[in-house]
Amino acid sequence: MSSEEPFFTPGRNSWATGGSATRTKTECYPVLQPLFLGTSSSLAKPSSPSSERVLLEVAAGFGEHVAYFAENTPTVKFQPTEAQNECVAGIADHAATAVHKNILPPQHLNVLAPAQWDAVLKASGPFDGIYMFNMLHISPWESTVFLFEQAQKVLKKSDTPGTAFLAVYGTFKRNGEFSGEGDRLFDLDLKRRDERWGIRDLESQIFPEAEKNGFKLKERHEMNYNNLLLVWTL
Ligand SMILES: C[S@@+](CC[C@H](N)C(=O)[O-])C[C@H]1O[C@@H](n2cnc3c(N)ncnc32)[C@H](O)[C@@H]1O
């Protein structure tokens with residue numbers, strides 16, 4: 001896929017209004033909050049902690065997650081990013097009305113474009129952590145490869161390993177099997193929309209890509225509707 005190609009045609013953004021982010025933001029926040037604050041026992045303590053934590057959201061959609069997370073975590077700064085222009089504009093609306101002014105101006109980031117990762121790094125990185133909801137199945141396989149490759153480039157490096165994190169929420173196959181009939185049908189629907197999309201397999205696809213780039217799996221949370229929230233550290 002070229003980085004200029006549109007990801008969705010108008011009218012296909014049903015995910016933006018379907019209520020999924022409304023559910024997942026509150027469901028996942030208790031897991032994510034200690035990671036955001038740097039207090040999670042999964043994170044190593046850096047020898048020289050940064051005074052201000054900055055987090056990167058990839059594929060932020062229309063910004064519903066970042067609006068909620070930023071409001072509830074006022075001591076942390078959030079850098080939302082998106083590939084689609086209409087989404088970047090939607091996130092900017094949230095940033096403008098945010099209570100604590102801790103949402104940085106949204107940046108355009110297509111995970112397949114290394115130059116855009118470089119630009120985001122320059123604008124507000126390096127980052128204490130990265131989180132991403134629901135993208136790996138709804139984009140070509142290359143986006144998984146690029147995510148892990150580029151994520152390690154923009155995370156803060158410390159003398160102590162394990163201080164920076166990558167959290168990914170979504171649905172996955174486990175050992176080659178769908179987690180239920182709903183996921184099998186969802187996968188068929190995704191492939192009907194774009195044959196390059198589809199639910200990825202944890203053991204044969206996701207874990208090897210993470211390991212290849214130095215990420216260590218620290219948390220695996222079973223969430224509602226067979227989704228997983230996975231946390232790696234670098
Ligand atoms: C199902 S939506 C999820 C949006 C949001 N994270 C949420 O959970 O509500 C998938 C998102 O992935 C984004 N996306 C798809 N391919 C992408 C890419 N190559 N780089 C960055 N974002 C991408 C789309 O623009 C879309 O916002």
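Colleague: In which hand does α1 pass α2?
Modeller: In this predicted model, helix α1 covers residues 20–37 and helix α2 covers residues 64–72, and the two pack with their axes 10 Å apart. When α1 passes α2, the crossing is right-handed.

Colleague: Are α1 and α2 roughly parallel or oblique to each other?
Modeller: Two packed helices are described by the angle between their axes and the distance between the axes. For α1 and α2 the angle is about 45°, and an angle has to be under 35 degrees to count as roughly parallel. The two helices, α1 and α2, are therefore oblique.

Colleague: Which residues of α2 make the contact with α1, and how many residues of that contact are charged?
Modeller: From α1 the contact takes A21, T22, K25, Y29 and F36, while α2 contributes E64, H65, Y68, F69 and N72. Sorted by class, the contact of α1 with α2 has 5 nonpolar and 3 polar residues, and the number of charged residues is 2.

Colleague: At what angle does α1 run to β5?
Modeller: Helix α1 also lies across strands of the sheet, namely β1, β4, β5 (165–171), β6 and β7 (227–233). Relative to β5, the direction of α1 is at about 160°.

Colleague: Which strands stand at the edges of the sheet?
Modeller: The sheet is open and mixed in its pairing, with 7 strands in the order β3-β2-β1-β4-β5-β7-β6. Two of these strands have a single partner each, so one side of each is left without a neighbour in the sheet. Those edge strands are β3 (107–108) and β6 (216–222).

Colleague: Which residue of β4 stands opposite L56?
Modeller: Strand β1 (residues 54–58) and strand β4 (residues 129–133) run parallel and are joined by 4 bridges. Opposite L56, the residue found in β4 is I130.

Colleague: Which residue in the hairpin of β6 and β7 takes a positive phi?
Modeller: Strands β6 and β7 pair in the antiparallel sense over 6 bridges, and E222 has L228 in β7 as its bridge partner. Between the strands of this hairpin there are 4 residues, and the positive phi, near 55°, belongs to Y225.

Colleague: How many residues surround the ligand, and which are the closest?
Modeller: The shell around the ligand divides into 13 nonpolar, 7 polar and 1 charged residues. In total, 21 residues surround the ligand, and the closest are A21, A59, G61, A83 and F133.

Colleague: Are α4 and α5 roughly parallel or oblique to each other?
Modeller: Helix α4 (residues 114–124) packs on α5 with the axes 10 Å apart and an angle of about 25° between them. The crossing of these two helices is right-handed, and P114, W117, V120 and L121 in α4 meet Q150, K153 and V154 in α5. Since angles under 35 degrees count as roughly parallel, the relation of α4 to α5 is therefore roughly parallel.

Colleague: How far apart are the axes of α5 and α7, and which residues of α7 make the contact?
Modeller: Helix α5 (residues 141–154) and helix α7 (residues 202–212) pack at about 25°, with their axes 9 Å apart. That angle makes α5 roughly parallel to α7, and their crossing is right-handed. From α5 the contact involves T144, V145 and F148, and from α7 it involves Q205, I206, E209 and A210.

Technical notes: Residues numbered from 1 in each chain as written. Predicted model: local features only at pLDDT ≥ 70, side-chain atom pairs only at ≥ 80, totals over all residues. Axes fitted to C-alpha atoms, helices over the stretch in contact; angles between N-to-C directions. Parallel < 35°, antiparallel > 145°, perpendicular 65-115°, else oblique. Left-handed = near helix turned anticlockwise from the far one by under 90°. Contact = placed C-beta atoms within 7 Å. Near = placed C-beta within 6 Å. Nonpolar A, V, L, I, M, F, W, Y, C, P; charged D, E, K, R; others polar. Pairing = 2+ DSSP bridges.
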